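Here is a walk through the fold of a single model, sheet by sheet. Have the viewer open while you read.

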Amino acid sequence: MSKIRVLVHGALGKMGQTVITALRQEPDMELVGAVDISAVTSDLSAPNGCSIPLSCDIEAMLGAQRPDVVVDFSTAKAMEHLAQVVLSHGVRLVSGTTGLNENVLSKIEALAKEYKTGAIVASNFAIGALVMQHLAKIAARYFDYAEIIEEHHQFKLDAPSGTALSTAKSMVQSRGKAFIEPNQSGTQQESRGQQFDGICIHSVRMPGIVARQEILLGGMGQTLSIKHDAINRDCYMPGVMLAIREIGKQNGLIVGLEKLLGL
């Protein structure tokens, strides 16, 4: 059985480096190349002395290395062009880039359909975080008040996080109506965080944190807390590897890894 040929986009970033390390440990996958806008050399060295091709030109690398899958952890600004290039080559795409709006997702969906290939876009690849979201959807049906506190490292570009927004959306969809806004005075206080259908989302950005999210739900005489803490970036790798293996069986756009987990 042939190995899955994988190219990493955003390879010099922290997530890209973590993906590269994980790929080298998977017996059914082959790391065939790396792309990063900051690339200044033509190869990326490895601890075992081997190296892989490195470039800032995604289209050239697709032609030269012919990957089956491109794994992307880059920026929302680069995503539309990346999807156009990757999917038009018939290559499948797995992306953890967050901050994508509905317009970009619609374009990715159209491209995947046009070129008869597949793409997975997920705001979070940590299995524990997806279980957290699933539990929050269940709990949302039984509480009228909810808030989300999401914490990330100081270099994260988007706020609120994609995970926080998708959690809030799924909670509102689960209960079929907005939560009750806690501020009954009729004036919005800036310190209450961004509002999403009655849910206040509070964003924290500082060193020492990888990713952490807590959902607080309140009712008469009681509260419920659901929390997930990412200790390091390795927690995302089982989900990324699952997506790489499964995308070969899928056509069209899949938004959210939870669909592959049956959640």
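## Ground rules

This is a predicted model, where local features need pLDDT of at least 70 and side-chain atom pairs count only at pLDDT 80 or more, while totals for chains, interfaces and linings use all residues. Residues are numbered from 1 along each chain as its sequence is written, and side-chain values use heavy atoms, with hydrogens and water left out.

Helices (H or I, at least four residues) and strands (E, at least two) are DSSP runs, numbered from the N terminus. Two strands count as paired if DSSP finds at least two bridges between them.

## The eight-stranded sheet

Let's start with the open sheet of 8 strands, which goes β3-β4-β2-β1-β5-β6-β7-β13 with mixed pairing. The edges are β3 (43-45) and β13 (252-255); each has a single partner strand, so one side of each is left without a neighbour in the sheet. On average, neighbouring strands here are turned by 25° against each other, direction ignored (axes are lines fitted to C-alpha atoms, for helices over the stretch in contact, and angles run from 0 to 180 degrees between N-to-C directions). At the β3 end, β3 and β4 (residues 51-55) run antiparallel, joined by 3 bridges, and Leu44 sits opposite Ile52 in β4.

Now look at β5 (residues 69-72). It pairs in the parallel sense with β1 (residues 4-9) over 4 bridges, and another 4 bridges join β5 to β6 (residues 92-95), again parallel. Asp72 turns up in both pairings: it is the bridge partner of His9, and its own bridge partner in β6 is Ser95. In a regular strand, side chains alternate between the two faces of the sheet. Both faces of β5 are covered, with Val69 and Val71 on one side and Val70 and Asp72 on the other, all of them buried (buried means under 20% relative accessible area, exposed over 50%, partly exposed in between, with a 1.4 Å probe and protein chains only).

Contact here means heavy atoms within 4.5 Å. Helix α4 (residues 102-114) lies across β7 and β13, running at about 140° to β13.

## The five-stranded sheet

The other sheet to look at is also open: 5 strands in the order β9-β10-β8-β11-β12, with mixed pairing. β9 (194-196) and β12 (222-230) are the edge strands, each with a single partner, so one side of each lacks a neighbour in the sheet. Neighbouring strands are turned by 20° against each other on average, direction ignored.

Strands β8 (residues 145-152) and β11 (residues 211-219) run antiparallel, joined by 8 bridges. Within that pairing, Glu147 stands opposite Leu216 in β11. Helix α5 (residues 127-140) packs on the sheet, touching β11 and β12, and its direction makes about 165° with that of β12.

## A greasy patch

Ile127, Val131, Leu135, Ile138, Tyr142, Leu261 and Leu263 make up a nonpolar surface patch with about 560 Å² of accessible area together. Patches are made of residues with over 30% relative accessible area and no salt bridge; like charges are joined within 9 Å, nonpolar side chains (Val, Leu, Ile, Met, Phe, Trp, Tyr) within 5 Å. Areas come from the Shrake-Rupley method with a 1.4 Å probe, and for residues only the protein chains shown count as cover.

Helix α5 gives the most to the patch, with 4 residues. Tyr142 lies in the loop between α5 and β8 and is exposed, at 59% relative accessible area.

## Salt bridges

There are 11 salt bridges in the structure, each a side-chain nitrogen of Lys or Arg within 4 Å of a carboxyl oxygen of Asp or Glu. One of them joins Glu26 and Arg245, with the closest N and O atoms 2.5 Å apart. This pair links distant parts of the chain, 219 residues apart: Glu26 is in the loop between α1 (14-23) and β2 (29-35), Arg245 in helix α7 (residues 237-247). Glu26 is partly exposed at 22%, as is Arg245 at 31%. Together with Asp28, Glu26 and Arg245 are linked in a salt-bridge network.

Arg192 is in the loop between α6 (162-175) and β9, 45 residues away from Glu147, and Glu147 is buried at 19%. Glu151 and Arg212 form another salt bridge (2.7 Å, N to O). Glu151 is in β8 and Arg212 in β11, so the pair ties together parts 61 residues apart in sequence. Glu151 counts as buried at 17% relative accessibility, whereas Arg212 counts as partly exposed at 22%.
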